[in-house]
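Please read these notes with the model open beside you. They are numbered so that each can be checked separately.

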Amino acid sequence: MTETTQRRDTATGTGKQDGTAPPEARGSTAIADTVVAKIAGMAAREIPEVHNLGGGMTRAFGAVRQRVPGGGTGVTQGVKVEVGERQAAVDLNVVVEYGAAIADTAADIRTNVINAVERMTGLEVVEVNIAVDDVHLPDQEDEGEGESEQEGRRVA
């Protein structure tokens with residue numbers, strides 16, 4: 001006849017008899033604010049009605065920053081996050097396309113950002129605040145596009 005014994009850790013109710021914790025409980029994981037901001041920015045940009053992120057001045061500085069070597073791509077432009085140990089809050093400034101239903105677009109952004117951040121980081125997203133700063137008109141040029149075309153035409 002064989003005898004079976006249950007092995008359990010007295011502190012957690014799981015684990016080995018020798019007292020070592022399971023691998024997922026050994027150590028901690030810290031997620032930087034910039035990581036969550038990049039995830040949120042990319043998730044917001046996946047919504048077709050979102051033209052851009054950031055307010056007017058933020059977009060202007062972002063256009064300048066992109067031209068400077070090593071300036072970055074501006075993925076976090078218009079994104080502000082607060083990250084705790086288990087929770088995160090996201091603030092987004094967006095520019096929507098003309099004709100888009102803003103309330104529906106905001107709901108789509110909120111859903112996509114929450115799903116992406118929670119899936120990739122394991123953090124609970126407690127809120128996603130969205131500020132619509134502008135509406136992009138079909139015949140309107142982006143800041144920076146007209147300047148680059150004009151620069152190509154200048155004669156020294």
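1. Val-113 touches Ala-40, Ala-43, Ala-44, Val-90, Leu-92 and Val-128, leaving aside residues up to four places away in sequence. Touching, or contact, means heavy atoms within 4.5 Å.

2. This is a predicted model, in which local features need pLDDT of at least 70 and side-chain atom pairs count only at pLDDT 80 or more, while totals for chains, interfaces and linings use all residues. Residues are numbered from 1 along each chain as its sequence is written, and side-chain values use heavy atoms, with hydrogens and water left out.

3. Val-113 is also among the residues that touch the most other members of the largest nonpolar core, together with Val-79, Val-90, Leu-92, Ile-109 and Val-117. That core has 23 residues. A nonpolar core is a set of buried Ala, Val, Leu, Ile, Met, Phe, Trp, Tyr and Cys residues joined through side-chain atoms within 4.5 Å. Buried means under 20% relative accessible area, exposed over 50%, and partly exposed in between (1.4 Å probe, protein chains only).

4. Which elements give two or more residues to this core? They are helix H1 (33-45), strand S1 (50-53), strand S2 (79-83), strand S3 (87-97), helix H3 (102-121) and strand S4 (124-136). H1 gives the most, with six residues. Helices (H or I, at least four residues) and strands (E, at least two) are DSSP runs, numbered from the N terminus. In soluble globular proteins, nonpolar side chains tend to be buried together.

5. The chain has four helices and four strands, in the order α-β-α-β-β-α-β-α along the sequence. Of its 156 residues, 27% count as buried. Among contacts with a separation of 6 or more, 68% are between residues 24 or more positions apart.

6. S2 and S3 run antiparallel and are joined by five bridges; two strands pair if DSSP finds at least two bridges between them. A hairpin of three residues connects S2 to S3. Val-81 has Val-90 in S3 as its bridge partner.

7. Where does Glu-49 lie? Glu-49 is in the loop between H1 and S1, and is partly exposed, with a relative accessible area of 27%. Glu-49 touches Val-95, Val-96, Glu-97, Ala-100 and Thr-105, again not counting residues up to four places away in sequence. The C-alpha atoms of Glu-49 and Asp-104 are separated by 9.7 Å, with the two residues 55 apart along the chain.
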